[in-house]
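Work through the exercises below with the sequence and the 3D view open. Try each task before reading its solution.

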Amino acid sequence: MTENSLDTAGRQAAAKAAGGDPATAASFASGTSTPVEDPAPSTVGGRPPETGGRPPRPTLGRRAAAFADSLWRPALVLAVVFAAWWFVAAQEYVPNYLVPTPAQVWETMTGQWSELARHTVVTLYETVLGFVLAAALGLATAVAIAYSRTLDKALYPIVLFAQVIPKIAIAPLLVVWFGLGLTPKIILAVLIAFFPVVISGVAGLRSTDPELLDLAATMGAGPWRTFRKIRFPNALPHLMAGLKVAVTLAVVGAVVGEFVGASEGLGYVLLLANGNLDAPLLFADLILMSAIGIVLFVLVEIAEALLIPWHASRRAGVSLTTS
């Protein structure tokens, strides 16, 4: 079986997954961008209809405009929240030792920046390493479950059982087993981020059109080539959705591990600030935790845009998660 044949089948699966009609799928599968004539073209929002094939690559100006359009709504919400926070704190409707002013939080963050940066790096390291391990183990488990009915019946209930156990309940046990170092925090991040990767990976691998699999088998493709050319590309939209959930949960896992036993990290700082009733430090710490999750989420979303530009959520040039 030739690479071009499998690439054609893969492109056809991608076009179907992207929600295209049969004519568009045929054009996509052929690898050409020749438009397919539509006997009854229609317009949406005053724009000409898409004619099939690969959509034209947007210019830099259109990309910038789309990016700005996706940001102004969340920026407006954040501005309203910030204004409400500033007003409540400035008028002291709530005591400042409970809700500090933005100026107090900023002063704390800048005054203790070197120390906060050190703890942020520790939490970031735990989160990234835990997420990478969870992604690798989760994908391997998803492949095993999707390809083997025996492993499906053996592993799937165990994965579900492991997920329903509260991770905060086993955190002290991990500290007893592995000490107060980085290991318990990384394990907790893996345990919390593992489940979304497995579920999304299994769903994606099982969503491949059986007709394409039969076609690949008829043309002599082996399991590995079928996986590489058809199954895995078709599973990427589901898998990337699971990874975006997992990367935010990895932050939670790392912080939970620092709650139980740590001498550094943002979770440790949070406990100190809470014990000392230091509200400005508490708010600064929460902002840094949120920043880690947001940055990692954006990086995964950028990876998604690079890996599956053909998907329906990417064809308009703006992610569905931010539009």
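Helices (H or I, at least four residues) and strands (E, at least two) are DSSP runs, numbered from the N terminus. The model is predicted: local features need pLDDT of at least 70, side-chain atom pairs count only at pLDDT 80 or more, and totals for chains, interfaces and linings use all residues. Residues are numbered from 1 along each chain as its sequence is written, and side-chain values use heavy atoms, with hydrogens and water left out.

**Exercise 1. Pairs across the sequence**

Task: Where in the chain do the partners of the R206–D152 salt bridge lie?

Solution: 
- R206 and D152 meet at 2.6 Å, N to O.
- R206 is in the loop between α8 (183–205) and α9 (210–218), while D152 is in helix α6 (residues 149–164); they are 54 residues apart.
- R206 is partly exposed, at 45% relative accessibility.

Task: Are K244 and E301 buried or exposed?

Solution: 
- Their side chains form a salt bridge at 3.5 Å, N to O.
- K244 lies in helix α10 (residues 223–260) and E301 in helix α12, so the bridge ties together parts 57 residues apart in sequence.
- K244 is buried, at 8% relative accessibility. E301 is buried too, at 9%.

**Exercise 2. Aromatic rings**

Task: How many aromatic pairs does the structure hold, and how is the W85–F283 pair arranged?

Solution: 
- Apply the rule. Rings of Phe, Tyr and Trp (its six-membered ring) pair if their centres lie within 6.5 Å; planes under 30 degrees apart count as stacked, over 60 as edge-to-face and the rest as tilted.
- The count is seven pairs.
- W85 and F283 are stacked: 5.6 Å centre to centre, 25° between the planes.
- W85 belongs to helix α3 (residues 60–90) and F283 to helix α12, 198 residues apart.
- W85 is buried at 19%, whereas F283 is partly exposed at 23%.
- Y147, W224, F227 and F232 form one aromatic cluster.

Notes:
Salt bridge = Lys/Arg side-chain N within 4 Å of Asp/Glu carboxyl O. Buried < 20%, exposed > 50% of the residue type's maximum accessible area, 1.4 Å probe, protein only.
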